[in-house]
Amino acid sequence: MATASSSSPSSSGVPERRGIPAAAFVEDVQTYLSQLGLDVNSALAFLQERLQQYRLVEMKLLAQQRELQAKIPDIEKCLDVVATLLAKKGAGEALFADFEVSEGIYSRACIEDTDSVCLWLGANVMLEYSCEEATTLLQSNLENARASLEVLVADLQFLRDQVTVTQVTIARVYNWDVHQRRTRQVAGPMDS
């Protein structure tokens, strides 16, 4: 996505955030066009393309955000189950739990006193951990997921700011062009 205008600092002074180039706020359209060496139509096409690139990145980030927002409650549920197993450990009583077999299909399980649990790691891989190791791993995963979600939210806010700046720039270039055409029209009949 990096192009000629990504070297210009944005209104926030940040040239990019995690590979997302910042949009430069255009104070003077004529200077902007001459610096890029573009005419109005080329500049508008460039800005529209940049806007589309921002939208594409936004869709990807929103998908990642939804994924993380779904993952966090699952990790929290796993932590609760492991904590319950640890609390009941050595009490001599069986634990009854409902678990999801498939979407919308649940089964009841009787869990005897246990020292270990099996966790899905992804890619069809399941490993057995002691309850203490599982707790540590799940807490680490939860912290990482929450931190990733915070970064994604900040990225999305940065991206939305860049979309707004780009839309304003498109409007400024277009309005400047309309004003220039009108000025030439008014000046044109006087010259003849």
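Predicted model: local features only at pLDDT ≥ 70, side-chain atom pairs only at ≥ 80, totals over all residues.
The largest pocket has a volume of about 1,000 Å³, and its lining consists of 26 residues. The largest nonpolar core holds 39 residues. Two hairpins are described, one formed by β3 and β4 and the other by β5 and β6.

**Largest pocket**

- The residues nearest the centre of the largest pocket are Asp74, Lys77, Cys78, Val81 and Leu119.
- At least two lining residues come from each of α2 (40–88), β3 (95–102), β4 (105–111), β5 (116–122) and α3 (131–191).
- Helix α2 contributes the most to the lining of this pocket, supplying nine residues.
- By residue class, the lining of the largest pocket comprises 18 nonpolar, three polar and five charged residues.

**Nonpolar core**

- Within the largest nonpolar core, Tyr32, Val117 and Val173 have the most contacts.
- Two or more residues of this core are given by each of α1 (29–36), α2, β5 and α3.
- In soluble globular proteins, nonpolar side chains tend to be buried together.
- Beyond residues up to four places away in sequence, valine 117 touches Val82, Leu85, Leu127, Glu128, Tyr129, Cys131 and Ala134.

- Strands β3 and β4 run antiparallel and are joined by seven bridges.
- Aspartate 98 has arginine 108 in β4 as its bridge partner.
- Two residues separate the strands of this hairpin, and glycine 104 in the turn has a positive phi of about 85 degrees.

- Strands β5 and β6 (125–130) pair in the antiparallel sense, with six bridges.
- Serine 116 is bridged to serine 130 in β6.
- Leucine 119 has leucine 127 in β6 as its bridge partner, and Leu119 is also among the residues nearest the centre of the largest pocket.
- Two residues lie between β5 and β6 in the hairpin, and alanine 123 in the turn has a positive phi of about 55 degrees.
- Asparagine 124 is in the loop between β5 and β6, and its phi, near 55 degrees, is a positive value in a residue other than glycine.
- Asparagine 124 counts as exposed because its relative accessible area of 75% is over the 50% cut-off.

**Positive phi at arginine 18**

- Most residues other than glycine have a negative phi.
- Arginine 18 has a positive phi, near 45 degrees, and is not a glycine.
- Arginine 18 is placed in the loop between β1 (16–17) and β2 (20–21).
- The relative accessibility of arginine 18 is 57%, which is over 50%, so the residue counts as exposed.

- Glutamine 65 is part of helix α2.
- With 15% relative accessibility, glutamine 65 falls under the 20% limit and therefore counts as buried.
- Apart from neighbours within four places in sequence, glutamine 65 is in contact with Leu149, Leu152, Val153 and Leu156.
- Tyrosine 174 belongs to helix α3 and is partly exposed because its relative accessibility of 48% lies between the cut-offs of 20% and 50%.

- Tyrosine 174 and alanine 43 are 131 residues apart in sequence, and their C-alpha atoms are 9.6 Å apart in space.
- Alanine 187 is another residue of helix α3, and its relative accessible area of 34% lies between 20% and 50%, so it counts as partly exposed.

Note on methods
Residues numbered from 1 in each chain as written. Heavy atoms only, no water. 1 Å grid on protein atoms, 1.4 Å probe; cavity = no way out; pocket = protein on both sides within 12 Å on 5 of 7 lines; lining within 4 Å. Points joined across faces, edges and corners; volume = space filled by probe spheres on them. Helix = DSSP H or I, 4+ residues; strand = E, 2+ residues; numbered from the N terminus. Nonpolar A, V, L, I, M, F, W, Y, C, P; charged D, E, K, R; others polar. Pairing = 2+ DSSP bridges. Core = buried A, V, L, I, M, F, W, Y, C linked by side-chain atoms within 4.5 Å. Buried < 20%, exposed > 50% of the residue type's maximum accessible area, 1.4 Å probe, protein only. Contact = heavy atoms within 4.5 Å.
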